[in-house]
Amino acid sequence: MTPGTSSRGAGRRGRGVARLLADFGHDLPVSPQPVRSARDPRLFRYAPRRGQRHTGRGWAAATASVAAWRMTSDQAPVLWPFISAPGLPPTGAQMGIDQLSGGSFYADPLGWVLRDDVPVTNPNVFAFGKPGRGKSATVKAFVLRMMDFGYRTLVVGDPKDEYEKLCHALGVQPFAIGHGLPARINPLAFGPLGHGWEHLDPAAAQARAAVVFARWLTLIRGLVGSQRIGEHRVPFGPCDEVVVKTALADLTGYAHGQTWLREVTIPQLWQALDTPTDALVTECRYATRQQFLDDTRLLRDALGQLVTGALAGLFDDHTTIDVDWAAPIQSLSLSRLEPLGDDAVGIALTCLNSWGRAMRETAAPGDLRIVVRDESWKQLRLGPEAVKSFDADLRMSRRDGDIQFAVAHKPSDLLSAGDTGSQAVTIAKDLLHLADIKILHGQDAAVADELETILGLGPIARDLVTGWAMHGKGRALWCVGEQAYKVQTVLHTAELEIAFTNDALTGAA
């Protein structure tokens, strides 16, 4: 033992070989010690329910009670990256990439209506977005890709000729409507319901007449209501409805029990009311001819504006175009009417909607069609009657097998139908409930409140529209019922040229 070392300590610890040789002046070579690799830190460490039983470790003698909290993704935004809506079935048009799941996103409005696991009860679509954010490109990609599944497209009024390239790519020449052009459209056309009337029994003829006259009254009500007296719209009351319906029944021959009905134009209706017969005055229950003329003055003046006003010669004669309904797409161009103002374009859209509805009244089962309504806000600004006409089209989509695809800039465009709290605004708000599918492209931050108050979006979805969607074209939040999907539309190289709408800026021919 060395001095200062107790026998108890030496016995307990002892000396190793290296220490023993070192005590006698010999050193062994030092061998390198193996370096242990550091273990990766554990992501989760499970602790006992009462905590670690050490000083300062929070140990508790009793088990703490557990409180359960339930919240939505809006209330717990930090959890949003881990939450995504249930996936949609891979049917219909493949539109692009679902950024939340990383998979492909498919759009199939009518197919969604038929499924119980998708919260959609109607196939109507509203697309909103700031100009230049890819709205029209998304619409064109959708209609083009749905053609593989038997869908045809009808563009009921193209104010800016945005669908002209698509028509030419499919070998279809759009119909252009404007002053100096040969195309005429009669919004009071019978459509397919006018064929075979002489072979119907009285009950069937009466049922068919009810459909035709209801459509005509909806149109006349919208056209009359689009006219203004100062700051107010021209009213169309029950008495006006009786006068118009009686005059139409007399002009068509239906009131006289004829088996073959004559097609009527708006000038003929206006002339019949402006120079009424004694029989018409009596049937409308007016005491004198002068009383008839006094009470129908506003009605007659409003119809006269359509005959002699800015749209004279466009919708006041028999239809001169022959639409090939078997073609993949048909488009009615209204770009020549842009210089006449928004009201003129809106009236034209109303006339075209009535005419297009007539052409679809006897569509065969399985004849599926996408009806594109570009710049739809121009029609809604014509007052409550025009809004009701638009409302009727949306409500009939399930019955007719149509997908009504309306395009506007922002949700508040629908509220421009009238003054705050007016009937038109109330109906326009309800239009959003008739479209279970909403495509929200990029919007400025100033529109954020509209997204929350009108569409009911939460702060996270609102920030996606005003943030992420503004940083790239084709980005949109697809609201399918109560489910939201963050989608990037992907265009094929051949579709890029068709979807390009900046020819005027680039100087392209």
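1. Surroundings of S333. In this predicted model, S333 touches D158, D161, F175, A176 and I177, leaving aside residues up to four places away in sequence; contact here means heavy atoms within 4.5 Å. S333 belongs to strand β8, residues 329-333. Helices (H or I, at least four residues) and strands (E, at least two) are DSSP runs, numbered from the N terminus. With a relative accessible area of 4%, S333 is buried. The term buried stands for under 20% relative accessible area, exposed for over 50%, and partly exposed for what lies in between (1.4 Å probe, protein chains only).

2. Basis of the values. Because this is a predicted model, local features need pLDDT of at least 70 and side-chain atom pairs count only at pLDDT 80 or more, whereas totals for chains, interfaces and linings use all residues. Residues are numbered from 1 along each chain as its sequence is written, and side-chain values use heavy atoms, with hydrogens and water left out.

3. The partner residue D161. The side chains of S333 and D161 make a polar contact at 2.4 Å. A polar contact is a pair of N or O atoms within 3.5 Å; within protein, one must be able to donate a hydrogen and the other to accept it, and residues adjacent in sequence count only if both atoms are side-chain atoms. D161 lies in the loop between β4 and α5 (164-169) and is partly exposed, at 21% relative accessible area. Although D161 is not a glycine, its phi is positive, about 55°.

4. Most residues other than glycine have a negative phi. R285, also a residue other than glycine, has a positive phi near 65°. R285 is found in the loop between α9 and α10 and is exposed, with a relative accessible area of 67%.

5. The largest nonpolar core. This core has 67 residues, and those with the most contacts inside it are I177, L269, L273, F292 and F315. A nonpolar core is a set of buried Ala, Val, Leu, Ile, Met, Phe, Trp, Tyr and Cys residues joined through side-chain atoms within 4.5 Å. At least two residues of this core come from each of β4 (152-158), α6 (202-225), α7 (238-252), α8 (266-274), α9 (278-283), α10 (289-295), α11 (297-308) and α12 (342-359). Apart from it lies another core, of 39 residues, which includes A93, V139, V155 and C167.

6. Contacts of L273. Leaving aside residues up to four places away in sequence, L273 touches V243, A247, L280, F292, L293, L299, R300 and L303.

7. Aromatic pairs. The whole structure holds 11 aromatic pairs. Rings of Phe, Tyr and Trp (its six-membered ring) pair if their centres lie within 6.5 Å; planes under 30 degrees apart count as stacked, over 60 as edge-to-face and the rest as tilted. F190 and W216 form a tilted pair, 5.2 Å centre to centre with 55° between the planes. F190 lies in the loop between β5 (175-176) and α6 and W216 in helix α6, so this pair ties together parts that are 26 residues apart in sequence. F190 is buried at 8% relative accessibility, and W216 is buried at 1%.

8. F213 and Y254 are 5.6 Å apart centre to centre, with 55° between the planes, and form a tilted pair. F213 lies in helix α6 and Y254 in the loop between α7 and α8, so the pair ties together parts that are 41 residues apart in sequence. F213 is buried, at 7% relative accessible area, whereas Y254 is partly exposed, at 27%. One aromatic cluster is formed by F190, W197, F213, W216 and Y254.

9. Charges over rings. R208 lies over the face of W197, at 5.8 Å from the ring centre. The charged end of K486 sits over the ring of W468, 4.9 Å from its centre. A charge sits over a ring if NZ of Lys or CZ of Arg is within 6 Å of the ring centre and within 35 degrees of the ring normal.

10. Cysteines. The structure holds zero disulfides, a disulfide being a pair of cysteine sulfur atoms within 2.5 Å. C167 is buried, with a relative accessible area of 0%, and C351 is buried at 2% relative accessibility.

11. The loop residue T63. T63 is placed in the loop between α2 (17-23) and β1 (93-98) and is partly exposed, at 40% relative accessibility. T63 touches R49 and R50, leaving aside residues up to four places away in sequence. T63 and R50 are 13 residues apart in sequence and 5.8 Å apart in space, C-alpha to C-alpha.
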